[in-house]
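Visitor: I am new to this structure. Please show me how to read its features.

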Amino acid sequence: MQQHSDMDGFDERLRQRMEVKPHTLDTIPTNSALKPRGLIPNTPLAASTISFLLGSSFGLGAFTFLVGGYGTLWWMTYQLGFYVAAWSAFHWGEFAVTAGWNKDKCSVDSFLLENGAQYHVAHSAAIVEYVVTLYFWPSCKGLPYVSIAGIIIVVIGQALRSSAMIHAGTSFSHAIAYKKLDTHVLVTDGIYKWFRHPSYAGFFYWAVGTQLVLQNPVSLTAFTIVLWRFFSSRIRSEEGLLIRFFGNDYIQYRKRVGTKIPFIP
């Protein structure tokens with residue numbers, strides 16, 4: 001009997017050691033379909049390191065913007081400073097809002113830093129266009145009212161996207177949901193009363209605004225066309241699923257509320 005009891009105790013201790021207990025700092029989505037599949041490890045260390053780097057670049061960009069640029073470094077202008085700060089704030093904000101209001105879907109992927117090679121190529125090309133134009137034709141960057149308009153649009157776009165994610169809560173997802181979850185509800189109040197897809201509209205205007213800040217005509221045109229095509233296609237696909245999830249309720253909502261993205265009803 002004593003030997004049997006000892007074996008039971010050993011098995012129990014072994015089971016407890018092998019059991020993975022969740023930690024408050026862990027960011028592991030409860031839905032296996034949303035678990036990260038990128039190259040960045042989904043660990044608290046990775047999340048804190050990314051936050052530190054984004055915070056540092058935000059601080060450098062914000063300081064450059066506030067002091068009006070550095071005279072000794074011709075390329076460190078207030079425009080580029082704001083751009084770096086806005087980019088850093090966007091990616092940190094995506095993770096922070098998800099962690100705060102939608103933790104079951106939060107992971108290192110919520111930073112959206114592995115958002116496809118095209119995304120990073122586009123932003124890199126925008127910086128190259130700005131620096132090259134500034135060096136050879138500095139007068140082309142000398143329209144302060146254009147940059148001011150861009151700054152306002154960026155701030156509005158960021159506020160629109162973040163408020164949409166916060167208001168939707170657990171119903172929001174960075175990835176299209178192909179299956180209706182128990183927590184998935186049709187949100188039609190708050191910011192969703194005025195914008196049918198406020199997170200998409202917010203990102204569209206945020207991205208367009210960044211190119212107005214930099215006064216990049218080529219990137220502005222490219223960003224506008226590519227993003228319009230992307231969201232037009234994504235909204236059509238997503239709304240087919242939303243109609244399947246919510247039926248006539250979503251059809252009536254779609255009739256009442258527009259996207260507020262140009263030429264996407």
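Guide: This is a predicted model.

Visitor: What do the side chains of Arg 196 and Glu 239 meet in?

Guide: The general idea comes first. Side chains of opposite charge can pair when their charged atoms come close. Here Arg 196 and Glu 239 meet in a salt bridge, 2.6 Å from N to O. Arg 196 sits in the loop between H5 and H6 and Glu 239 in helix H7, so the pair ties together parts 43 residues apart in sequence.

Visitor: Which residue is linked with Arg 196 and Glu 239 in a network?

Guide: Arg 254 is linked with them in a network of salt bridges. The closest N and O atoms of Glu 239 and Arg 254 are 3.5 Å apart. Arg 254 belongs to helix H8.

Visitor: Is Arg 254 buried or partly exposed?

Guide: Buried means under 20% relative accessible area, and exposed means over 50%. Arg 254 has 33%, so it counts as partly exposed. Glu 239, at 5%, counts as buried.

Visitor: How many salt bridges does a search of the whole structure find?

Guide: Three. One of them joins Arg 161 to Glu 94, with the closest N and O atoms 2.8 Å apart. Arg 161 is in helix H5 and Glu 94 in helix H3.

Visitor: Now the nonpolar core. Which residues touch the most other members of the largest one?

Guide: Phe 203, Trp 206, Phe 231 and Ile 261 do, in a core of 29 residues. Helix H6 gives the largest share, nine residues.

Note on methods:
Residues are numbered from 1 along each chain as its sequence is written. This is a predicted model: local features need pLDDT of at least 70, side-chain atom pairs count only at pLDDT 80 or more; totals for chains, interfaces and linings use all residues. Side-chain values use heavy atoms; hydrogens and water are left out. A nonpolar core is a set of buried Ala, Val, Leu, Ile, Met, Phe, Trp, Tyr and Cys residues joined through side-chain atoms within 4.5 Å. Buried means under 20% relative accessible area, exposed over 50%, partly exposed in between (1.4 Å probe, protein chains only). Helices (H or I, at least four residues) and strands (E, at least two) are DSSP runs, numbered from the N terminus. A salt bridge is a side-chain nitrogen of Lys or Arg within 4 Å of a carboxyl oxygen of Asp or Glu.
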